Amino acid sequence: MPVITLPDGSQKSFAQPITVAEIATSIGAGLAKAALAGKVNGKLVDTSYVVKEDANISIVTEKDPVALEVIRHSTAHLLAQAVKALFPTAQVTIGPVIENGFYYDFAFGRSFTPDDLVRIEEKMTELAKQDLTVTRKEISREDAIQFFRSIGEEYKAKIIEAIPEGETLTTYQQGDFIDLCRGPHVPNTGRLKAFKLTKVAGAYWRGDSNNEMLQRIYGTAWADKKALEAYLNQIEEAEKRDHRKIGKNLDLFHFQDEAPGMVFWHANGWAIYSQMKQYISQKLAEHDYEEVLTPQLVDLDLWKKSGHWDMFGDDMFTVKTADDHLFALKPMSCPCHVQIFKQGLRSYRDLPIRMAEFGCCHRNELSGAMHGLMRVRQMMQDDAHIFCTEKQIQEEASKIIRLVQEIYKDFGFEDIIVKLATRPEKRLGSDQIWDHAEQALAESLREANLSFEVRPGEGAFYGPKIEFHLKDCIGRTWQCGTLQIDYSQPSRLDAYYIAEDSTKKVPVMLHRAILGSFERFIGILIEQYAGKLPVWLAPVQAVVMNITERQEEYAAEITHFLKKQGIRVKSDLRNEKIGFKIREHTLQCVPYLLVVGDREVETRTVSARMQQGVDLGSMTIENCLNMINAAVALRGKNSVGGKEN
């Protein structure tokens, strides 16, 4: 007689084993109709799952966040069913859930076309409307291999052969389509109401470039059409904001095959980069950091001793000298900062030591993983390491969190999602050390009045970490900043300080990054503001335009004056109509457009307007300077032409 405990703490007893669907029915007809899946002792299961023993049960409906996983998994199978119905010779391979959707890989004799995707999606809609019951069945390993080979699905047979013996295998059937899957799935295809196929791409079997090329069809699925429409609108908006397109239009940067994954910064892009670096340097000074610089090329032995070679060896570039000695381009700066810490005798009175670097780092990313500025091989990290005592961890963590908040706010990001990743199964250090570290990070977040999500088991092997995720103006999230506690690396690299009792002690090392990498953060900023950066970051803050050649000298004088005052300004003295010039510089996202004609020359003024088309009227050049400087000082509070956060 299983006793079922529901989320509200109430209990129900049953005389015999019972399915999740029957439990939902016993609670209410409305819940039974809405049920997509269930959770039994925290495990996600089908509604057909039979509960035989006492258990904690919750019914999963469309309102539950976890429901999307079930919906998307089931829609991937619907996609496979539609492809098999339209293209019987196609072989199915795998179809997992991914962020915001799903994909399914197929082996087929020709490439799928955009017209094929339209037909496939129409077939999916037809199959969904048939409201086909989805049935789960356990099957032996031998029977599964024999069955899939009998219907020509060789890839499925290979997948099964790779599954360890003794593992329970299950198939799911809807109509005449049968697929190998762990599940869970929706009870019937009628529950799949909001989906869209998005693209087709190539993918190697098992992700190995030595294997055959398959075709991967991507799609997205949501609980209802309103959510689907919102997502498709977000994608459309994201395409308009693509930093690669905007970067080209605004002459910010480019990539080329001779240096894959490494940025060629143009003058406009480098102006943004330099302004960010200057701003961060100012913040570091205000928060008592020492700014340092360490070599890019470091003996491989140091990376082995620090543990990075074992962890990141495949992602590191190595260089062999003429005498066959191996060096590595640094993927991060932490071992080098330990070397600076070790120079001279350190006392507990010296701690904390806050060491920051704009470190040029290299990582051997796969070619297919690189994506504009978002994932590169050469990057500049705003890397910092704080060497402190155990007692100083919480205070230093709190200071870092405040600094993170200040900086994100100045860049226009105030919606910050915080996650605390705690101890993994395989880790260094005692439970007592981990208790202290996790408690210190959690308390520092509470002190900052930040709500946070705990991610059990997702910390680094050497310590827990805080992750800072930014939400942009169209609802996307980006992980940028991290704060990690490290008990391992200082010890491995023989770092110590003299404690109050005159003994040698290993310092605690806090790793922190705020922007993450300059390249990626600039990419995020470009997309956040659709290229219309706030005045303090804009590569060109103002452009001075003459109406006729009679004002050339005065326009040049104004440009020179503003430039001497630190404004990033250019003049446009071309023999073009003023309307043409205004439109061109508006499209170039210049915040302030300053026009001079005969009247302005006579009155020693400028006619100012903003890129959004707002006419600011006539003003003296001193007032114009004050206006621009006031906008610069606002930082994150103002977004010229961009979307407010």
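Leaving aside neighbours within four places in sequence, Leu510 is in contact with Ala384, His385, Ile386, Cys388, Ile393, Glu396, Ala397, Ile400, Leu483, Gln484 and Ile485; contact here means heavy atoms within 4.5 Å. Please keep in mind that this is a predicted model, in which local features need pLDDT of at least 70, side-chain atom pairs count only at pLDDT 80 or more, and totals for chains, interfaces and linings use all residues. Residues are numbered from 1 along each chain as its sequence is written, and side-chain values use heavy atoms, with hydrogens and water left out.

Leu510 also belongs to the largest nonpolar core, which has 67 residues. Such a core is a set of buried Ala, Val, Leu, Ile, Met, Phe, Trp, Tyr and Cys residues joined through side-chain atoms within 4.5 Å, where buried means under 20% relative accessible area (1.4 Å probe, protein chains only). Together with Met276, Tyr408, Phe411, Ile466, Phe521 and Leu525, Leu510 touches the most other members. Helix α13 (residues 393–410) supplies the largest share of this core, 8 residues. A second, separate core holds 34 residues, including Ala80, Ile120, Leu132 and Leu197.

Now to the strands. The protein has 20 helices and 35 strands, taken as DSSP runs numbered from the N terminus (helices H or I, at least four residues; strands E, at least two). Eight strands form an open sheet with mixed pairing, in the order β18-β22-β23-β30-β27-β26-β24-β25. Its edges are β18 (290–291) and β25 (453–455), each pairing on one side only. Two strands count as paired if DSSP finds at least two bridges between them.

| Strand | Partner | Bridges |
|---|---|---|
| β19 (residues 297–299) | β21 (residues 326–329) | 3 bridges |
| β20 (residues 318–320) | β21 | 3 bridges |
| β24 (residues 416–421) | β26 (residues 465–471) | 6 bridges |

Strand β21 faces Val298 with Ala328 and Val319 with Phe327. β20 and β21 make a hairpin with 5 residues between them, and Asp324 in the turn has a positive phi of about 65°. In the pair of β24 and β26, Ala421 stands opposite Lys465.

Finally, the whole protein. Its C-alpha atoms fill a box of roughly 95 × 75 × 60 Å along the principal axes. Of the 645 residues, 51% count as buried. Among contacts between residues at least 6 apart in sequence, 69% join residues at least 24 apart.

Notes: Buried means under 20% relative accessible area, exposed over 50%, partly exposed in between (1.4 Å probe, protein chains only).
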